[in-house]
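Thanks for coming. Please have the display open while I talk; I will go through a few local points and then the place where two chains meet.

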Amino acid sequence: MHTLDFKKLSLREINKTLQGSDNNSSFTIKNPKGSHALAAGINKKIDVKVLGSVGYYCAGMNKKSSIKIEGSAGPGLGENMMSGNIHVTGDVSQYAGASGHGGNILVEGNASSRCGISMKGIDIVIKGNVGHMSAFMAQKGTLVIFGDAGHALGDSIYEANIYIAGKVSSLGADCVEKKMTKKHIINLKNILSNANLTDDNLGRFKRFGSSRSLYNFKVDNAKI
Amino acid sequence: MCGIVGLFSKKEVISSNLGLHLSKMLESMSDRGPDSAGLAIYGKPTARKTKIMVQSQAPETDFKRLKKFLLSKKSLPFDLKIHSTHAVIKLDIKNKDLVTGFIKNTFPNLRILSVGKKMEIYKEVGKPVEVVKRFSIHKMQGSHGIGHTRMATESAVTTLGAHPFSTGEDQCLVHNGSLSNHNSLRRELIRKDMIFETENDSEVAASFITDKMKCGQSLKEALESALIELDGFFTFVVGTENGFGVLRDPIACKPAVLAETSDYVAFGSEYRALTSLPNIEKARVWEPEPATVYFWGH
């Protein structure tokens with residue numbers, strides 16, 4: 001276990017150390033104080049624990065690594081993540097997991113607007129609420145919400161799945177409620193299990209996805 | 001971008017160091033906007049007195065002339081304190097209109113930044129660290145204050161283009177974002193006799209809120225009107241005699257973080273702005289909801 005402290009090292013030095021480390025190493029990062037782009041661009045199977053809150057673009061483009069933030073995260077957490085996992089004990093700001101291709105994000109608190117925007121295969125689990133326009137143009141992957149969702153959930157969604165236990169303020173264009181079958185319960189259970197979560201009452205979750213009515217050009221929509 | 005901060009004190013321990021806390025908060029936001037910076041500090045009022053803040057490009061000659069002019073007027077007690085390019089004129093409330101009239105008519109080179117019993121505004125071109133040092137903001141005390149560091153998008157980088165904007169007594173506003181209907185709103189407000197000093201969109205927002213409050217709306221109602229009539233992106237922090245309010249537009253892409261402890265309520269564009277505050281690790285920290293008015297008052 002290595003300790004990297006912002007009181008002694010710069011952001012660049014810390015990120016360089018993380019990016020250049022050997023697989024299976026572990027790091028604890030102290031005093032991040034809202035720093036931007038911490039632990040971005042890691043392409044190693046390492047464990048990173050951050051003690052405190054982080055700012056913009058933490059763990060962006062993450063590949064393989066496992067990152068735990070004991071605090072909250074600013075906008076753009078895990079943007080364009082490819083694999084690995086991110087666990088935030090507090091809240092996350094706007095567009096967490098945006099355009100993520102793989103891996104998973106677990107947030108114990110709330111996520112604000114545009115969570116999972118344009119997601120492309122990532123699984124995102126939010127224990128609290130999500131803000132407006134979450135899963136906007138989501139293409140692949142899953143967004144699980146234990147709390148409530150803000151307005152325009154799943155606007156212009158493609159083939160991603162949304163599971164939500166709480167209330168939905170409103171659905172976005174082309175997003176509809178879909179049947180929760182046994183297959184989907186198993187899918188949800190697996191996603192929660194990947195995030196080390198268990199839940200005895202998965203039956204309370206509703207499923208939302210695309211009605212696919214925006215997929216093809218309709219001449220009727222072109223009438224002036 | 002732009003960076004905004006605000007601090008509302010609940011205890012003397014914060015009030016006595018308000019300027020120092022706000023300075024650190026604003027300096028931490030420097031890379032969100034290096035063009036100009038400004039702060040509004042609400043200090044202790046003096047009974048039956050008000051303060052006029054004026055700014056000059058040639059303070060040495062202008063303020064000397066102003067002082068001489070005011071001394072020549074009989075039965076017009078006043079106190080004039082110079083802080084770099086700014087001067088605070090403290091005078092009896094009953095003489096306020098007379099003196100603002102003198103300044104406007106006799107000293108066209110002086111710019112009136114604000115009028116109010118508690119509020120003092122300090123703003124200049126330059127980075128927060130320079131502005132704080134120029135006016136010794138870190139030594140100031142007060143019940144609450146707001147600050148702004150600017151990355152200019154809508155109008156020129158000038159002292160008057162810097163925030164906070166004050167368009168009413170003890171009222172001021174800082175803005176992160178940009179408004180798209182400010183020209184048409186400005187024309188409407190000019191017809192209602194509101195006066196504009198700049199081409200800046202944020203000045204229109206400040207003026208809009210002042211106008212609504214003049215028409216009898218509370219700050220909360222005025223901010224709710226702003227949600228309907230202002231088109232564009234905004235996170236506002238609005239200072240009044242008693243406290244400050246926070247409002248984000250419904251899309252809410254301009255960032256905002258609030259923190260509250262038993263000693264203070266703090267606002268920052270980012271969490272970084274709050275990390276220098278005492279006991280921040282124990283504070284309740286959250287992101288204000290879109291299209292929702294928040295206010296803390298004394």
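**Notes on two chains**

Start with A:Asn31, which is partly exposed because 15 other C-beta atoms lie within 10 Å. The cut-offs are these: with C-beta atoms placed from the backbone, a residue is buried if 20 or more others lie within 10 Å of its own, exposed if 12 or fewer, and partly exposed in between.

Before going on: this is a predicted model, where local features need pLDDT of at least 70, side-chain atom pairs count only at pLDDT 80 or more, and totals for chains, interfaces and linings use all residues. Residues are numbered from 1 along each chain as its sequence is written, while chains are lettered from A and ligands numbered from 1 in the order in which they are written.

Back to A:Asn31. Its phi is near 55°, a positive value in a residue other than glycine. You will find A:Asn31 in the loop between strands S2 (26-30) and S3 (47-51) of chain A. Strands here are DSSP runs of E, at least two residues, numbered from the N terminus.

Next, A:Met137. Phi is near 55° for A:Met137, a positive value in a non-glycine residue. Its loop runs between strand S7 (120-126) and strand S8 (140-145) of chain A. With 19 other C-beta atoms within 10 Å, A:Met137 is partly exposed.

In chain B, the peptide bond from B:His163 to B:Pro164 is cis, omega near -5°. B:Pro164 sits in the loop between strand S8 (144-150) and strand S9 (165-168) of chain B.

Last, how many residues of chain B are in contact with chain A? There are 11, in contact with 13 residues of chain A; contact means C-beta atoms, placed from the backbone, within 7 Å.

Conventions
Two residues are in contact if their C-beta atoms, placed from the backbone, lie within 7 Å. Helices (H or I, at least four residues) and strands (E, at least two) are DSSP runs, numbered from the N terminus.
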